[in-house]
Amino acid sequence: MTSQPASYNCPNCGAELPLRFRHAKMAVCEHCDATIFLEDDGMRLAGTRSVLAEMPSLIRLGQAFSYDSRDYLPVGHLRYRYTLGRWDEWWILDQDGNGLWLSVDEGDFVFEKPLQWDQLPTRLPAFRQLQLDQSVRLLEQDWTVTERDQGRCEGFRGQLPARVAEGEHFFYAHLSGPDASLLTLEYARDGTVSASRGYWVDPFEIRIGTGT
Amino acid sequence: MSTQHQDTRPETTARVRSVQCRGCGAPLTLHGGGHRILSLSCAYCGTVMDPRHDYAVLAKFSTQQAPFSPFEPGMQGEIHGVLFTIIGMVGWEAQGDVWVDLQLYSETHGYAWLSYERGHVCFVRKTRHLPNALVWNLAPKQSVTDGLRTYRLYERYMATINYVAGELTWVAAVGNRVQIVEAIAPPLLLSGERSSTETEYHLSEYLDPAAVYRAFQVSGQIWPRAGVHAAQPYHGPFKDALSKAAFPFAILSGVLAAALWLFGSGVQIHQETFLPGDLQTGRHSAEIEITRPNRLVALEMETNLDNAWVDFDIDVLKDNEEIFSMGKAFSFYEGRDDEGYWSEGSRSARALFKVPEPGRYRLNIQLADGGTGETGTTPPETTLELSVRQGYISSYYFVILLIITGIATLIGPGARIAFERRRWKAVLDDDDDD
């Protein structure tokens with residue numbers, strides 16, 4: 001496996017792409033909005049452009065914040081549409097350089113870490129098997145299905161840990177557990193299932209910094 | 001109000017637009033309440049509409065009457081540095097009390113409530129740190145935790161909605177009943193609301209009403225706070241400061257008073273007994289050698305009075321010349337009644353004086369007046385045991401200082417206890433009634 005260099009230049013406009021984390025799979029050029037796939041042996045201009053409308057948000061790309069005495073830096077931003085409206089997903093790096101998702105939907109903030117395959121049970125319930133208010137036992141814990149819907153990607157910017165395509169959509173289920181914990185199961189159209197586990201965050205406990 | 005110094009003001013203010021009420025046609029102002037709004041209620045005719053289905057009419061409650069509230073939909077203000085817009089309003093009643101919950105919306109921080117009751121204001125948000133379900137079965141003052149802090153159960157009651165207006169994140173209907181449980185850790189109040197379909201928990205924070213009025217630019221009639229709110233923190237900075245300042249002085253004066261009481265009684269330099277005959281005619285004592293001038297000399301006197309009183313004239317003599325004179329009264333009564341033994345007065349007394357120079361002194365003591373029983377005017381016969389001590393140090397002024405500083409020390413805690421009694425009185429009285 002070839003490790004990525006510290007920086008790339010945008011194949012579209014030539015501007016430098018300062019990659020903030022080693023395992024970025026996708027980046028949007030800050031200068032020309034070109035979407036670039038980062039591959040082990042180089043990069044590829046995806047050719048699509050994604051422009052997200054500016055909306056009021058506590059979290060801003062490149063603006064550091066702290067929560068519970070830990071510092072975080074948002075480096076990537078996705079916006080999804082679902083039945084009720086829109087929500088934002090921020091790919092953030094903690095002070096040790098580890099990545100996690102911060103989901104924001106009208107004041108509901110959730111920190112979630114993607115679970116690796118070896119952390120998941122061998123059989124996850126199919127999306128159609130999950131019903132609202134249903135109790136599910138997963139990862140040695142009881143969960144309650146509190147939301148099930150489908151999301152469609154409206155756009156993205158910054159640097160992301162996985163390839164995402166505008167318009168791509170998937171089904172998802174939120175499973176709520178004790179102590180403000182949350183498990184999200186995502187069902188892609190190609191049949192793959194991914195999971196993230198985290199907890200609800202009080203936005204009033206988030207302290208916005210001034211640095212980047 | 002601002003406790004977080006961060007720029008969270010949305011880049012755009014709430015988007016205001018209007019729709020027509022499907023019930024009465026009145027223009028209804030929408031204050032941009034986000035995508036989780038489930039109902040819009042007309043303040044004029046009580047029609048409840050569904051904003052997600054073209055404002056279809058869900059219900060109509062024409063008898064509702066707007067409750068008093070200094071806040072109203074459309075107002076904007078900052079709470080903890082976050083700009084909120086009031087988008088809806090729900091009136092409640094329970095056990096004779098009425099209050100108003102105002103739905104808040106922030107484009108950055110989502111939904112919250114401002115609860116107004118009798119001049120008290122709380123900032124209310126949904127909590128995901130839930131208490132054990134046993135909270136519904138606890139008695140007042142029993143402890144419950146949400147994992148973050150410990151609360152004491154305050155009360156349980158049924159509440160009924162009597163008014164709805166504006167945009168709400170739930171379909172509120174006049175007449176809906178909700179069971180509520182409240183536990184407090186002032187200024188916080190953890191509440192559970194149980195309806196026929198769900199149970200939700202909220203965390204309320206008691207706010208300074210004046211600061212909230214300023215933040216939301218409330219004008220017009222503002223009612224003063226009535227009573228003590230369940231989540232209201234005790235606030236007595238002057239009394240607390242007074243108690244804090246007085247405490248070390250109370251300790252110091254107490255220690256000094258105790259030390260003087262134990263070690264300040266001086267040295268006995270003379271002891272003598274005066275018989276009844278001596279006192280009737282007056283008699284000089286033996287010579288008393290006083291070596292410490294300008295220091296207190298204490299005369300400790302003990303009589304054997306019984307249901308009688310006497311006045312003695314006491315002269316201090318040097319070289320048979322009177323240099324000081326004083327009177328001392330004794331009175332002692334005792335008996336038995338329906339409640340048992342009783343007594344009043346004392347057979348003993350202390351007199352203090354100073355002499356200007358060392359030397360030999362005498363005392364002349366004579367009975368001046370007296371009586372026996374309740375009305376007798378004949379002076380009783382009594383002996384007088386006299387003990388003279390020099391170098392006596394009085395703890396009187398330190399005792400007075402101890403009393404004053406002790407009272408000052410207790411003012412803060414006392415006010416706090418009285419405040420807590422008022423906080424719990426309503427619910428504990430209700431509990432007693434049950």
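How far apart do the C-alpha centres of domain 1 of chain A and domain 2 of chain A lie?

1. **Domains of chain A.** The two centres lie 24 Å apart. Domain 1 covers 7-49 and domain 2 covers 65-208; such bounds come from an automatic or database domain assignment.

2. **Ground rules.** This is a predicted model, where local features need pLDDT of at least 70, side-chain atom pairs count only at pLDDT 80 or more, and totals for chains, interfaces and linings use all residues. Residues are numbered from 1 along each chain as its sequence is written, while chains are lettered from A and ligands numbered from 1 in the order in which they are written.

3. **Confidence.** Chain A averages a pLDDT of 84 (the predictor's confidence in each residue, from 0 to 100). In chain A, strand 5 (residues 42-49) is lowest, at a mean of 61, and strand 6 (residues 65-67) is highest, at 94. Strands are DSSP runs (E, at least two residues), numbered from the N terminus.

4. **Chain A meets chain B.** Here 19 residues of chain B are in contact with 16 residues of chain A. Contact means C-beta atoms, placed from the backbone, within 7 Å. The chain B side has two nonpolar, 13 polar and four charged residues. Ala, Val, Leu, Ile, Met, Phe, Trp, Tyr, Cys and Pro count as nonpolar, Asp, Glu, Lys and Arg as charged, and the others, Gly among them, as polar.

5. **Strand 25 of chain B.** Strand 25 (residues 384-392) runs antiparallel to strand 16 (residues 267-274), joined by seven bridges. Pairing takes at least two DSSP bridges. Gln268(B) has Arg389(B) as its bridge partner. Strand 19 (residues 296-303) also pairs antiparallel with strand 25, over eight bridges. There, Met301(B) stands opposite Leu386(B).

Notes. Helices (H or I, at least four residues) and strands (E, at least two) are DSSP runs, numbered from the N terminus. Two residues are in contact if their C-beta atoms, placed from the backbone, lie within 7 Å.
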